[in-house]
Amino acid sequence: MPHVSLPRIGTAEAWRDAARGFLSAAVPPAQITWGDSTTEPGLFETPAPLVAPGRVTVPRSFVSMANTVVWHSDPSRFARLYAFLWRLKDAPHLMTDRGDAQLAKLRSMEKNVRRCQHKMKAFVRFREIGAPGDNRRSFAAWFEPTHHTIEPTAQFFVRRFADMDWRILTPDVSVFFENGALRFLEDHPKPDLPEDASETLWVTYFRNIFNPARLKVQAMQSEMPKKYWKNMPEAAAIPDLIASAPERARQMALAAPTLPPTRISAIQAQQAAHESVWDGPPGSLPKAIAGCTRCPLHKTATQAVPGEGPLDARLMIVGEQPGDQEDLIGRPFVGPAGQLFDSIAADAGLDRGKVFITNAVKHFKFTPRGRKRIHQRPNQGEVAHCKWWLDAELREVAPDLVVAMGATAAAALTGSGKAISARRGRIETGEAGIPVLITWHPSYLLRLRDDTQRMAATQELACDLRMALEYKGKALAAR
């Protein structure tokens with residue numbers, strides 16, 4: 001079988017010419033084998049005859065990919081490229097087919113080569129080898145790349161170090177840049193490079209920019225693999241830097257400034273604004289709530305709806321927010337949900353006139369739909385703004401127990417509005433230190449379409465209200 005042996009220098013151009021010739025001569029991939037000067041041909045392989053390159057048109061993206069993949073260390077890279085090129089001549093769309101396994105493999109190899117080039121640019125360390133009287137300074141470096149990346153990366157160093165002579169020696173192909181001329185040489189032995197006077201300065205700089213507070217060993221070794229450490233002078237300091245990082249981070253924390261940054265002060269001021277610190281004169285709270293502009297809800301609502309009831313009530317009922325009727329009338333729980341609550345409360349033996357009843361949010365939130373105003377659940381920010389008033393009502397009434405009806409009320413009183421079905425009928429400790437009994441909101445009962453479910457939920461709400469009355473009675477008896 002014909003075997004193509006490509007040179008190690010100028011590999012990309014040699015593969016391109018050979019592939020173009022075989023493709024023009026319609027030689028299938030299965031009828032040729034590929035290798036380079038380091039691989040021995042098989043027993044039944046013979047040198048392939050030279051075929052004059054013909055005109056072949058392929059997508060530009062393939063040319064770019066092939067010029068990178070040919071530098072991979074995998075011996076199958078040439079055959080893989082030609083096999084894909086053979087398919088590509090009849091199906092140019094393959095370059096955009098992300099599900100093609102051959103293309104995926106080549107893309108992976110391309111990525112590996114580019115990563116190796118990046119490491120070479122980052123981890124090559126030159127040492128000066130020229131004499132003091134030379135016209136041009138001369139440097140040398142020993143590097144061991146994973147792939148054959150010395151040739152495709154050489155132009156990067158030419159652009160960066162054009163005013164000096166340098167050489168990068170590797171176990172494979174080495175590159176020399178002397179007097180502005182670039183040349184490559186195979187199998188150059190590893191040199192005994194001298195110590196560089198600037199290495200001590202470089203290691204000192206590296207130790208000083210090392211931030212122990214941001215140390216992540218795995219991430220560092222992923223970016224700077226250990227295989228490169230032996231040729232990097234600063235790598236000798238890394239073990240000590242890792243070992244001393246916790247103590248250095250602690251010392252940095254102790255030496256940190258004690259005054260908070262400006263942005264922290266702004267955040268603290270914002271948090272303080274959300275705290276319930278209203279302390280107006282007795283009886284002025286409803287008027288203060290009526291003038292609330294703490295959130296945008298006041299712009300669309302008719303009016304704020306404060307709580308109502310005796311200020312010495314031992315039981316407080318908290319709902320979500322005013323509904324359409326409450327917004328127009330200015331009183332809590334007078335709409336359909338409020339009427340249902342009154343009915344259930346009466347059955348449970350609870351006298352509405354002896355409890356303080358209010359909402360977690362004082363303004364009606366809705367979406368206009370024709371002539372109707374459709375209720376919208378308040379968001380966390382709106383509940384947090386209105387907590388200012390709810391806390392003021394709690395402080396003014398100081399009940400023995402609060403009944404939180406629905407998720408919004410539970411969230412405002414306990415900090416959590418999750419899983420009301422699992423928390424219903426339980427007494428939790430509120431953020432203000434007052435016990436909070438969780439139960440259904442009457443509007444939830446109105447939304448239930450199944451009669452059996454609605455009846456069961458109604459009985460549960462009545463049971464919870466009776467539990468609240470029993471708790472209040474025990475609290476009074478304990479005084």
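Which residue of E15 is the bridge partner of Thr429? The close-ups below, taken from a predicted model, start there.

**View 1. The E14–E15 hairpin.** Pro435 in E15 is the residue that partners Thr429. The two strands, E14 (residues 427–429) and E15, run antiparallel and share three bridges. Together they make a hairpin with five residues between them. Look for Gly433 in that turn, where phi is positive at about 90 degrees.

**View 2. The other pairing of E15, with E13.** Here E15 pairs with E13 (residues 401–405) in the parallel sense, over four bridges. Strand E15 spans residues 435–439, and because four of its five residues are buried, the rest of the structure largely encloses it.

**View 3. Arg314, tucked into a loop.** Arg314 sits in the loop that links helix H10 (285–290) to strand E9 (315–319). Its relative accessible area is 17%, so Arg314 counts as buried, the cut-off being under 20%. The Arg314 side chain gets to 2.8 Å from the backbone oxygen of Ala398. Setting aside neighbours within four places in sequence, its contacts include Val397, Pro399, Asp400 and Leu401, and also Lys472, Leu476 and Arg479.

**View 4. A nonpolar patch on the surface.** Three residues make up this one: Trp202, Tyr205 and Ile209, with about 300 Å² of accessible area together. Ile209 belongs to helix H6 (residues 199–209). With a relative accessible area of 48%, Ile209 is partly exposed.

Technical notes
Residues are numbered from 1 along each chain as its sequence is written. This is a predicted model: local features need pLDDT of at least 70, side-chain atom pairs count only at pLDDT 80 or more; totals for chains, interfaces and linings use all residues. Side-chain values use heavy atoms; hydrogens and water are left out. Patches are made of residues with over 30% relative accessible area and no salt bridge: like charges are joined within 9 Å, nonpolar side chains (Val, Leu, Ile, Met, Phe, Trp, Tyr) within 5 Å. Accessible areas come from the Shrake-Rupley method with a 1.4 Å probe; for residues, only the protein chains shown count as cover. A salt bridge is a side-chain nitrogen of Lys or Arg within 4 Å of a carboxyl oxygen of Asp or Glu. Buried means under 20% relative accessible area, exposed over 50%, partly exposed in between (1.4 Å probe, protein chains only). Two strands pair if DSSP finds at least two bridges between them. A polar contact is a pair of N or O atoms within 3.5 Å; within protein, one must be able to donate a hydrogen and the other to accept it, and residues adjacent in sequence count only if both atoms are side-chain atoms. Contact means heavy atoms within 4.5 Å.
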